[in-house]
Amino acid sequence: MSPRPVLALVAANLRRHARDRVGLFFMVIMPFVSIVFVGMAIGDGGGRLPVGVVAHGSGPVVAALLDELGRRPDLEVTRVGSADDLRSGVRSGALAAGLIIPDDPAHLRLVATQANGSGLAARSAVDVAVGRVAAVQEATRAAVAAGATPAQAAAYVRQAQEESGRVAVTGGSADAADPRGFAYTAPANLLLFTFINSMAVAAALVESRRLGMLQRALTAPVRRTSVLLGEALSRFLVALAQAGLIVVVSASAFGVTWGDPLGVAAVVGVFALVATGAALLVGTLLNAPDQAPAIGPPLGVVLGMLGGCLWPREASGEVINAVGRLFPHAWGMDALLTLARPGTGLTAVLPQLAVLAGMAALLLGAALALFRRRALTVG
Amino acid sequence: MTASDPMTTPSTPPVPSTPPVPESAPSPPALSCRGLSKRYGDVHAVRDVGFDIAPGEAYGLLGPNGAGKTTTISMLVGLIRPGGGHVRVCGVDLAADPMRAKARIGYVPQEIALYPELTGRENLRFFGRLFGLPRRALAGRIDEVLDLVGLTGRADSRLKTYSGGMKRRINIGTALLHRPDVLILDEPTVGVDPQSRKAILDGVERLVGEGMSLLYTSHYMEEVERVCDRVAIIDHGRIIAEGTRRELIALVGGADKVELSLDGDLETALAKLRAVEGVIEAAMTGAASIRLLTEGGRYLLPALITAVDGCAAVTATQVIEPDLEATFLHLTGSTLRD
């Protein structure tokens, strides 16, 4: 099979898309408007979780705890006047979690909601901070018990801390909280706009069918497979271009860290295949070009909502998140957010990739079969 | 527009389009089909259609809507698989070697199948690539075709800014890029202004004159009469008559109508006219007019004028010869523009 007809179709289709100013606006401008505004709305704070602290005493343990919490790079610690204020802050969502340090610091009280990713993350960060203070206390107590003076004990512990500081803890639990700000909205909008714009450009395919371009192409010495491949490749390249643009611009302009390039390329590539399948399906089933932009984007928005692309997943209920698992966006979000965590790579997202690849195979298979039958039929 | 532009030069008389005389080894027909048939359920869209188009010959396919013209053409260009029969393009079997056969056909569909967002040149480039023209040769050929269809000046404007006639011309130009042996035009002048229509017909005649074979369908009888050497009349999926224009008209009988306007004694004139050899029937159609049914109307005129000499003077004559439309009406019982 000669590649020339395939390339001819791709070149013509890409040129058509490049001439569509409205389409270009939605591809080049809108994703970044959404990334910036939603990113600002769901807060960034350098990715810090707001934690409130009510501290009654002023002993060395309390001071050590406050100091340790203040050192945490992932926490934004605020002193709150009363336990009631703290609870209301957590309830309203202004605080991810709260810590009440009573006079007797041996009985700390944590205030957090149960089913909330930020709450869980804040809780685990507070746990680590408390654990570190407790460890210092315990080590000091043990040194004193072994006969050291308190000053010696403190020196030993400091030395031990410095040595342990060289040990880096990598990896994260599966339940680690989603990032906030651009780190969340960039991958969310990558998926959202790659899908929506793929659906919108399906209008060009409907137009090609309506004009009889595909039929006419078949009167040239061109195989049906070439026409099929040319049309599919055109949509795939549009999806890839959209995703690539968001990755590059968000990384360079907003400092978004995407993670392992190979992993990101694999996720974006498979998701672009899903979007291509959806676009071909829409382009084959609809009969009027105007229907594609009318049906495609709303569908893309709904799938984006279910997949956590419009607002943070933790803001959605469990039911919505579970339903979202039926569609590609949720798996794409999962994969991209996992890759954004340090120390992860392609292997960390193999399950998500497998699910997305399965969805792509189903959609593309159905779309290509239908497209061949409806648009390229030789009766 | 250039002086040598066959699509746009109204002053150039059409080159007579006679099929070249075969030399020692007769070349195969440019397009040949036998026993073509296609059924959709119980409906026979096309039944046992067959014809040959010689190299350089212009062949017309005439029939009302729904007669099976487009289905026939779709089978000839490989868009529809025939239920029966076969198609050969310059001796190449379309079913056995579709790539080689299609490469020799230039097909212009009835609808304008071009990308409106692309320029005329870009549309031509797209189809040139589909036909496998090498990049360097393509650029030059596009310029030639643009010149041929008289759109060099508008080549880089987007198609959606073109008039209907200009779009039609690019639509035809698209099919000429690869220098096909057979050009198939499906109703190429539908919806165009008279000027573009004339330009298209002049251009088509020029191409045929230069040796290209043509299959032409049209609703416009006068176009088929003007452009085509031979015509097939198709109705209800069958070819019901085929031949040169003269042969087809002879099918209705050679009777021409002659309308005479006279001054003088019409009764006597009528009796004298009836006696002229070749006059089949004569009748008074008014106080000063007589209608005759004759054989060879226009050749009979001097004898008719001589016959009435002395009793009446002929002030006006009109000879109405039967045309393809009359033949069509006679054969199918319906008019073409049904």
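Which strand of chain B is the place of Asp235(B)? Asp235(B) sits in β9, a strand that covers residues 230-235 of chain B.

## About the model

This is a predicted model, in which local features need pLDDT of at least 70 and side-chain atom pairs count only at pLDDT 80 or more, while totals for chains, interfaces and linings use all residues. Residues are numbered from 1 along each chain as its sequence is written, and chains are lettered from A and ligands numbered from 1 in the order in which they are written.

## Around Asp235(B)

Strands here are DSSP runs of E with at least two residues, and helices are runs of H or I with at least four, numbered from the N terminus. Asp235(B) counts as buried because it has 20 C-beta neighbours inside 10 Å; the cut-off for buried is 20 or more other C-beta atoms within 10 Å, with C-beta atoms placed from the backbone.

Leaving aside residues up to four places away in sequence, Asp235(B) touches Gly63(B), Pro64(B), Ala67(B), Ile240(B) and Thr332(B). Contact means that the C-beta atoms, placed from the backbone, lie within 7 Å. Arg47(B) is 188 residues from Asp235(B) along the chain, and their C-alpha atoms are separated by 10.0 Å.

## Domains of chain B

Chain B is assigned domain 1 (31-250) and domain 2 (255-321), with bounds from an automatic or database domain assignment. Taken over C-alpha atoms, the centres of these two domains are 45 Å apart.

## Where the chains meet

The contact between the chains takes 21 residues from chain A and 22 residues from chain B. On the side of chain B that touches chain A, α2 (98-102) and α3 (120-130) each supply at least two residues. The most comes from α3(B), with five residues.

How values were computed:
Two residues are in contact if their C-beta atoms, placed from the backbone, lie within 7 Å. A residue is buried if 20 or more other C-beta atoms lie within 10 Å of its own, exposed if 12 or fewer, and partly exposed in between; C-beta atoms are placed from the backbone.
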